[in-house]
Amino acid sequence: MTDSHPDATDTAQKKLFAHQFQTPAAPATASSSTQSPKVPVNEKSTTGEHIPPGYTKLPNGVILDREGKPCRLCTSAASWRAITQKAKAQSQTQAPNTTMKQAPTNTPAQKPECPPDVEELGRSTWTLLHSLTAAYPAQATAAQQTEMRTFLGLFSRLYPCWVCAGDFRAWMGTPQNEPRLATRQEFGDWMCQAHNEVNRKLGKKEFDCRLWEERWRTGWKDGRCD
């Protein structure tokens, strides 16, 4: 989940999470449901290792889903374009030549409505999460704290990017990072700390958590949001 937006090319090269760059391990005795999906590779890699025929090496930054297929919601737009362009190039090479040409289209250029990549999903999610803290009661009842704790637990398991979900769940599961839900101020500061944890992993600038209410609830004191 992200908020500030680096250049797409830079993003494709950054190691968003350690899960992305693990090489396939030797078969383990543990259940396959607990193992990360193996990354397909091509017949001859740049490092010279043997690659089974019929497999394809994925571009850096492409994350697989639990079924071993490229996960769009876990992958940056730049990395996704790299893999789709490679697939198109391969299909065009294998397709028979044809003299038929497509008629030019004069439709105006516009941003296509496409499924979100990991960055767009992250930006939208942080907007929702910070807005939840802004709408949280100044003093929460025990029932309200239980409801929010339940929501955060479900969120950390159902978030569409499974790598991001596991990473957030692991961070939240440590004693020092347990949700602080007694007051709006505590919850807002906790959410800001969670966001900054992701910013650090992505090499992004951290947000000054003393200003979270101005950013997400009241608006800036200089009136720019009025």
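Helix H3 covers residues 118-134, where helices (H or I, at least four residues) and strands (E, at least two) are DSSP runs, numbered from the N terminus. At 1.5 Å a residue, the 17 residues of H3 should span 24 Å, and the end C-alpha atoms are 24 Å apart, which agrees; the expected span of a helix is taken as 1.5 Å times one less than its number of residues. This is a predicted model, in which local features need pLDDT of at least 70 and side-chain atom pairs count only at pLDDT 80 or more, while totals for chains, interfaces and linings use all residues. Residues are numbered from 1 along each chain as its sequence is written, and side-chain values use heavy atoms, with hydrogens and water left out.

The buried residues of H3 are Val-118, Glu-119, Leu-121, Gly-122, Thr-125, Trp-126, Leu-129, His-130, Thr-133 and Ala-134, where buried means under 20% relative accessible area, exposed over 50%, and partly exposed in between (1.4 Å probe, protein chains only). Of these, Thr-133 counts as buried because its relative accessibility is 0%. Leaving aside residues up to four places away in sequence, Thr-133 touches Arg-184, Phe-187, Gly-188, Met-191 and Trp-212, a contact being heavy atoms within 4.5 Å.

Next come the aromatic rings. A pair of aromatic rings is described by the distance of the centres and the angle of the planes. Rings of Phe, Tyr and Trp (its six-membered ring) pair if their centres lie within 6.5 Å, and planes under 30 degrees apart count as stacked, over 60 as edge-to-face and the rest as tilted. By this rule the count comes to eight aromatic pairs. One of them is formed by Phe-155 and Tyr-159, which are tilted, at 5.4 Å centre to centre with 55° between the planes. Phe-155 is buried because its relative accessible area is 12%, and Tyr-159 counts as buried at 6% relative accessibility. Phe-168 and Trp-190 form an edge-to-face pair, with 6.3 Å from centre to centre and 70° between the planes. Since Phe-168 lies in helix H5 (residues 162-172) and Trp-190 in helix H6 (residues 184-202), this pair ties together parts that are 22 residues apart in sequence, and both Phe-168 and Trp-190 are buried. Ring pairs link Tyr-136, Phe-151, Phe-155, Tyr-159, Phe-168, Trp-171, Phe-187 and Trp-190 into a cluster.

A charge also sits over a ring: Arg-215 lies over the face of Trp-216, at 3.8 Å from the ring centre, where the rule asks that NZ of Lys or CZ of Arg be within 6 Å of the ring centre and within 35 degrees of the ring normal. Arg-215 and Cys-225 are 10 residues apart in sequence and 9.5 Å apart in space, C-alpha to C-alpha. Cys-225 lies in the segment after H7 and touches Gly-219 and Trp-220, not counting residues up to four places away in sequence.

How many disulfides does the structure hold? The structure holds two disulfides, a disulfide being a pair of cysteine sulfur atoms within 2.5 Å. One joins Cys-161 to Cys-164, with 2.5 Å from S to S. The torsion about the S-S bond of Cys-161 and Cys-164 is about 65°, so this disulfide is right-handed, and both cysteines are buried. The other joins Cys-192 to Cys-209, with 2.1 Å from S to S, and this link is left-handed, with -90° about the S-S bond. Because Cys-192 lies in helix H6 and Cys-209 in the loop between H6 and helix H7 (212-218), the pair ties together parts that are 17 residues apart in sequence. Cys-192 is buried, with a relative accessible area of 3%, and Cys-209 counts as buried at 8% relative accessibility. With the bonded cysteines numbered in sequence order, the pairing is 1-2, 3-4.

Finally, the chain as a whole. The protein chain has seven helices and zero strands, and buried residues make up 33% of its 226 residues. Among contacts between residues at least 6 apart in sequence, 59% join residues at least 24 apart. The protein chain exposes about 14900 Å², of which carbon and sulfur atoms supply 53%; accessible areas come from the Shrake-Rupley method with a 1.4 Å probe, and for residues only the protein chains shown count as cover.
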